[in-house]
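This briefing takes up helix packing and the nonpolar core of the structure shown below. Please keep the sequence and the 3D view side by side while reading.

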Amino acid sequence: CCDRSPINPTRKLNQLEKLTMKNNLTPSGDFIFEPLGINPHNLRAQFPTREQRLQYRAVVQWLTDCKPKQDATNMEKMRPYTESLHHLCNVKDWRSLHVILYFPVPISTTKARVSLPLSEYLLFKNLFTSLLEVSDNIINAFKADKNDLSNIQILKARALSGNGRLTEAIFIYNKLLDTNISEEIYLEAHAHLAVCKIQGENFLEGIKILNNSLILIDQCLLRRSDFFEDLQIKLVKLKADLLGELAYYKMNCSKFEEASNLYFGALSILEENQIIHAIINPLVHQGIILRKLFRTNESIDALQKAMVTAREIDNEEALIWIAHHLAWALRMEKKYQEAESNCLLSLEGYKKINDERGINDSYELLGWIRLDQGNVNDAIKNFETALKWRKANNRTQGTASCVMSLAVAYLRKGKLLKAVLTGLKGLNLYRKAGVLNWSRLYRILNFARIFRNLLLKIN
């Protein structure tokens with residue numbers, strides 16, 4: 001809505017802008033100014049210097065005059081908060097920064113009245129770049145002071161990992177774990193480090209850290225009955241996240257029953273504690289497991305139910321992700337037009353939110369749909385697009401998947417030697433990733449079946 005200006009931080013909105021801006025995510029009046037300790041009608045008496053008044057007047061204007069339209073992007077809807085944080089950094093108002101950073105932002109839901117602290121809301125909406133900018137601004141403004149920045153460092157690392165910058169996130173978590181930090185921060189850093197290791201396909205170390213984190217969180221929850229409710233909720237959500245990450249690993253090892261039980265455990269924790277915004281992940285993965293068990297109709301039903309839940313909590317990003325996995329299930333049912341429609345929908349959505357991993361996952365899926373439709377050249381083109389990104393980002397397991405996909409495509413094209421060599425390369429990559437299992441072997445056997453059929457045709 002409004003543009004930040006370093007020269008004039010109090011740019012006034014014209015009357016038309018004021019009349020057309022409306023959105024219930026940003027609070028108004030004393031509801032936020034009272035906890036901030038700001039009297040918007042008497043800034044001159046509160047703040048003696050001109051520079052202070054300019055910055056606080058900008059905060060007042062962002063929180064009152066700038067109300068993004070209902071159809072604005074998630075980033076635009078959050079700008080009144082993020083821009084206010086920018087100006088509060090300029091005057092180094094530590095207390096007010098925390099008020100806004102943890103101010104409750106409502107989630108649209110048909111089931112219950114739910115709100116999240118602003119920092120968590122930014123993560124929920126995949127606004128990782130916005131959170132990274134906010135956390136960097138705060139760290140730079142206060143790094144010379146004695147304020148405890150460990151919580152802000154955690155937010156920065158989570159924003160980095162959300163943007164796929166896992167190495168930088170891991171560095172921050174390790175650095176925090178080597179310093180004198182509170183038990184709460186230690187548990188958070190330890191748990192998120194495990195997740196980053198697993199997402200970076202360092203499974204051996206990641207699972208070891210993860211299991212240790214689960215033990216530490218359980219011990220803490222049993223020992224500390226004096227925790228505030230918010231902190232207890234944070235810890236049980238951490239536990240649910242870790243169970244989900246462990247389930248994801250088990251699923252990739254084709255241990256589907258174990259994975260399903262773990263996702264069910266995570267879902268139970270989230271539902272019992274009414275952590276509604278986080279239930280999509282285990283719901284969708286239950287649908288994915290059913291697909292991997294070739295129970296595709298049940299998978300489609302589960303994913304469609306997850307889609308209903310995502311709409312209920314206004315989670316647009318989840319709808320993109322669900323469309324992707326729904327396309328996989330529909331493809332297995334040979335409903336290629338519906339599969340392609342959902343795949344292109346997810347591809348467009350991933351591009352909109354700049355999710356490179358999602359984009360390239362969609363390209364691989366689109367390659368398989370094209371291959372099923374007999375368009376081998378287009379399939380190879382899509383596989384190669386996904387492979388290029390996965391290689392560049394050291395995604396060993398994803399690279400193996402693309403290589404095996406290309407091997408099947410080369411077989412369909414009749415390039416037998418190239419297909420065999422590519423298939424062996426994919427097999428070796430799965431071994432290196434530590435996820436060579438019966439499911440992968442099934443793909444190789446399918447590869448061999450196609451190879452045999454082609455040889456028979458030649459003869």
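Predicted model: local features only at pLDDT ≥ 70, side-chain atom pairs only at ≥ 80, totals over all residues.

A crossing of two helices is called left-handed if the near helix is turned anticlockwise from the far one by less than a right angle, and right-handed if clockwise.

**Helices H19 and H21**
- H19 passes H21 in a left-handed crossing, and the residues that make the contact are Glu364, Trp368 and Leu371 on H19, together with Ser401, Cys402, Ser405, Val408, Ala409 and Arg412 on H21.
- By type, the residues of this contact between H19 and H21 divide into 5 nonpolar, 2 polar and 2 charged.
- The axes of H19 (residues 356–372) and H21 (residues 396–413) come within 11 Å and cross at roughly 20 degrees, which means that H19 is roughly parallel to H21.

**Helices H5 and H6**
- The axes of H5 (residues 74–90) and H6 (residues 94–101) come within 9 Å, crossing at roughly 170 degrees, and H5 is therefore roughly antiparallel to H6.
- Tyr81, Ser84, Leu85, Leu88 and Cys89 of H5 make the contact with Ser96, Leu97, Ile100 and Leu101 of H6, and these residues divide into 7 nonpolar, 2 polar and no charged.

**The largest nonpolar core**
- The largest nonpolar core has 142 residues, of which Ile100 and Ile138 touch the most other members, while helix H13 (residues 229–252) contributes the largest share, 11 residues.
- When its neighbours within four places in sequence are left aside, Ile138 is in contact with Cys89, Trp94, Leu97, Leu101, Leu149 and Ile152.

Technical notes: Residues numbered from 1 in each chain as written. Heavy atoms only, no water. Axes fitted to C-alpha atoms, helices over the stretch in contact; angles between N-to-C directions. Helix = DSSP H or I, 4+ residues; strand = E, 2+ residues; numbered from the N terminus. Parallel < 35°, antiparallel > 145°, perpendicular 65-115°, else oblique. Contact = heavy atoms within 4.5 Å. Nonpolar A, V, L, I, M, F, W, Y, C, P; charged D, E, K, R; others polar. Core = buried A, V, L, I, M, F, W, Y, C linked by side-chain atoms within 4.5 Å. Buried < 20%, exposed > 50% of the residue type's maximum accessible area, 1.4 Å probe, protein only.
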